[in-house]
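Me: I've got a structure open and want to talk through some of its packing. Can you take a look with me?
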Amino acid sequence: MLWESFKLALRSVRRNVLRSILTLLGIVIGVAAVIALVTIGSGANEKISSDISKLGSNMLIVRPGNQGPGAPGGNEARSFTERDVEALRNGVALVRAIAPTASKQAIIVYDATSTDASVTGADQAFFVAQDWSFIQGGSFTESDVRAASNVCVIGTTIVSTLLPNVDPLGQTIRVGAMPCSVVGVLGSKGQSAFGTDQDNIVVMPLRTFQRRIAGNTKISNISVSANSPTAVKSAQDSITAILRETRHIGENDQEDFSVRDMTQIAATMSATTTLMTGLLGAVAAVSLLVGGIGIMNIMLVSVTERTREIGIRLAIGALASQVLTQFLVEAVVLCLLGGFLGVCLGFGLAGLASFFLAIPFAPDPKVVVMAFGFSGLIGLVFGFFPARNAARLDPIEALRHE
Amino acid sequence: MISLRNVTRTYGEGDAEVRALAGLDLDIAAGSFVAIMGASGSGKSTTMNILGCLDTASSGTYNFNGIDITGLSRDARALLRRNYLGFVFQGFNLLARTTALENVELPLVYRGMARNLREEKALAAMQAVGLHGRESHTPSELSGGQQQRVAIARAIVSDPLVLLADEPTGNLDSERSHDIMRLLQKLNKDRGITVIMVTHEADMADYANRIIQFADGHIANDLQKGRT
Ligand SMILES: Nc1ncnc2c1ncn2[C@@H]1O[C@H](COP(=O)(O)OP(=O)(O)OP(=O)(O)O)[C@@H](O)[C@H]1O
Ligand SMILES: [Mg+2]
């Protein structure tokens with residue numbers, strides 16, 4: 001019986017293709033919106049978390065300056081010293097790496113070509129702290145760092161712009177006015193969450209950088225990588241405590257530095273996209289509601305149009321419940337069809353968006369199941385009233401209709 | 001098999017009240033072929049609807065095949081129609097854009113019969129009404145007489161005890177009408193189906209073996225013919 005109803009439903013949809021599609025538009029748009037939003041949203045979240053994890057796992061970034069009121073701003077703020085770093089190395093437990101860095105934009109020249117890149121001075125811990133891998137060569141050594149040798153490690157963007165056709169290892173490039181020899185090439189990280197090219201980078205020993213590029217002994221930034229996600233918070237606290245002491249900050253004074261947890265930033269960012277998805281999801285729900293009312297309307301029309309048919313069915317022995325089932329199934333089939341079109345359209349839109357926004361395409365089967373479930377439910381809910389009207393018809397009057 | 005006792009049927013209320021049946025007593029034996037005649041508005045269709053369990057009497061009792069129909073629910077009456085009754089209407093009442101075979105199968109669909117069995121029975125019914133080869137035609141591709149044959153096939157496919165036909169030839173020309181009458185007569189004789197038919201034409205009523213005249217909701221004349 002259910003199967004017969006299903007076949008009948010398909011037939012009546014086919015008889016009124018245009019009308020069915022127009023009726024379904026609300027549901028199609030609603031489902032497409034939900035599917036597209038959820039897919040784009042989870043793609044964006046995936047992108048954010050992968051961007052953040054590229055910065056380094058369980059990363060804390062210590063910077064001079066503080067956003068708080070009354071505190072000195074970023075540039076005027078006191079930078080860190082060797083002493084601060086030493087105190088952190090001796091005092092903070094459960095960390096894998098503590099990497100003091102300083103950086104500056106500089107012109108990089110090889111042969112007749114030149115490019116602008118971010119030049120960073122650091123020690124080997126930097127590569128550990130920020131999870132850099134090497135595709136060629138390796139890090140400079142500890143003795144390079146101590147001796148302030150003229151060596152450097154470069155990112156893939158530098159390779160492709162300056163040294164596309166040569167083996168970069170052993171080449172000498174000029175950073176600002178300083179020649180230095182390439183000892184390693186970093187694995188690519190792509191764009192950062194903030195849109196900068198993380199591979200357009202030259203890394204050299206900190207002391208080399210301070211002497212030859214910056215001309216001072218400032219440390220502008222300390223990257224700290226905790227052993228585990230759970231160790232991040234305690235590391236953050238002990239870094240704050242130690243730096244307050246080494247930098248002589250009074251008990252009631254504000255810190256002139258900040259210790260930022262990168263995973264926290266990721267969480268905030270994905271919370272924002274989740275909120276956006278939720279809000280737009282509510283809009284989609286309204287569209288589904290409107291779609292449901294459209295279904296109800298067309299089913300009422302259909303029941304009126306087919307009053308005589310219903311009369312015939314009742315006369316030859318259909319039970320009221322069988323007529324009810326027939327029209328309910330028809331409404332559900334109609335809605336499921338809308339759901340199907342919506343899922344296709346939604347994935348199409350999400351695919352386009354992921355192409356143009358350069359985020360991963362992350363289809364979620366759970367959402368598809370939910371979309372179909374919801375469409376079916378709408379059919380049941382909004383199809384019930386018209387179907388009940390059909391089932392309650394008096395056979396004699398229905399037969400006399402028209 | 002059919003027994004109506006003091007049946008009344010009134011439509012509307014108060015000043016607008018219409019008494020379609022005023023205390024009708026009627027007995028019909030199994031296997032008979034009954035023609036009901038009478039002026040327009042005399043209550044023929046009303047009687048047919050009550051006999052067909054499509055409508056219920058305002059008062060009085062109706063006993064069908066030993067079952068007291070009087071207080072039965074809607075669904076119980078639907079089951080009676082499904083199992084014991086077949087209907088043929090003046091306007092054919094076939095489902096449009098549905099093939100003849102599917103129309104004939106319909107009562108069996110509601111009985112939940114398996115598809116192949118259903119098809120077999122429907123084909124046999126089509127054969128019985130002389131429409132072999134028209135199974136895949138839709139009503140709009142069939143003549144009036146053929147459509148009425150499809151309707152008769154649909155009515156007999158579930159092997160009913162009683163076939164109720166309200167002016168089955170009302171929309172057909174004389175020749176076609178006689179064809180339909182011969183078919184009904186044959187079904188009555190060969191299968192023992194009780195046929196109750198409303199008609200305005202005396203030569204159609206002649207096919208029956210009992211002719212009942214209605215007037216103002218009463219039986220005015222009840223003529224039992226010898227076996228023809
Ligand atoms: N649904 C209804 N509402 C009100 N009055 C009705 C209804 N159905 C029938 N009647 C009235 O009941 C009376 C009997 O009607 P019925 O249809 O039984 O007549 P009939 O003998 O079949 O006539 P005809 O030969 O024209 O078909 C008529 O006066 C009719 O107006
Ligand atoms: Mg009538």
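Me: Start with helices α1(A) and α11(A). What is the handedness of the crossing where α1(A) passes α11(A)?
Reply: α1(A) passes α11(A) in a right-handed crossing. A crossing is right-handed if the near helix is turned clockwise from the far one by less than a right angle, and left-handed if anticlockwise. Helices (H or I, at least four residues) and strands (E, at least two) are DSSP runs, numbered from the N terminus.

Me: Which residues make that contact?
Reply: From α1(A), L2(A), S5(A), F6(A), L8(A), A9(A), L10(A), S12(A) and V13(A). From α11(A), T325(A), Q326(A), V329(A), E330(A), V333(A), L334(A) and L337(A). Contact means heavy atoms within 4.5 Å.

Me: How does the contact of α1(A) with α11(A) split by class?
Reply: It has 10 nonpolar, 4 polar and 1 charged residues. Ala, Val, Leu, Ile, Met, Phe, Trp, Tyr, Cys and Pro count as nonpolar, Asp, Glu, Lys and Arg as charged, and the others, Gly among them, as polar.

Me: And the geometry? At what angle do the axes of α1 and α11 of chain A cross?
Reply: Roughly 55°, with the axes coming within 8 Å. Helix α1 is residues 2-15 and helix α11 is residues 320-356. Axes are lines fitted to C-alpha atoms, for helices over the stretch in contact, and angles run from 0 to 180 degrees between N-to-C directions. The pair is therefore oblique. Under 35 degrees counts as roughly parallel, over 145 as roughly antiparallel, 65 to 115 as roughly perpendicular, and the rest as oblique.

Me: Before I go on, what am I looking at, and how is it numbered?
Reply: This is a predicted model: local features need pLDDT of at least 70, side-chain atom pairs count only at pLDDT 80 or more, and totals for chains, interfaces and linings use all residues. Residues are numbered from 1 along each chain as its sequence is written, chains are lettered from A and ligands numbered from 1 in the order in which they are written, and side-chain values use heavy atoms, leaving out hydrogens and water.

Me: OK. Now α3(A) and α8(A): which residues meet?
Reply: R83(A), D84(A), A87(A), L88(A) and G91(A) in α3(A) meet I239(A), I242(A), L243(A) and T246(A) in α8(A). Those residues divide into 5 nonpolar, 2 polar and 2 charged. The axes come within 10 Å and cross at roughly 140°. This crossing is right-handed.

Me: Is D84(A) buried or exposed?
Reply: Buried, because its relative accessible area is 3%. Buried means under 20%, exposed over 50%, and partly exposed in between (1.4 Å probe, protein chains only). Leaving aside neighbours within four places in sequence, D84(A) is in contact with L243(A), T246(A) and R247(A).

Me: Change of topic. What about V182(A), where does it lie?
Reply: In strand β7 of chain A, residues 178-186. At 2% relative accessibility, V182(A) counts as buried. Beyond four places in sequence, V182(A) touches residues including C152(A), I154(A) and P168(A).

Me: And over in chain B, how far is L163(B) from L85(B)?
Reply: Their C-alpha atoms are separated by 5.9 Å, though the two are 78 residues apart along the chain. L163(B) is in strand β7 of chain B, residues 162-166. L163(B) counts as buried, at 0% relative accessibility.

Me: Last one. What does chain A span overall?
Reply: About 105 × 60 × 30 Å along the principal axes of its C-alpha trace. Chain A comes to 13 helices and 10 strands. Buried residues make up 50% of its 402 residues.
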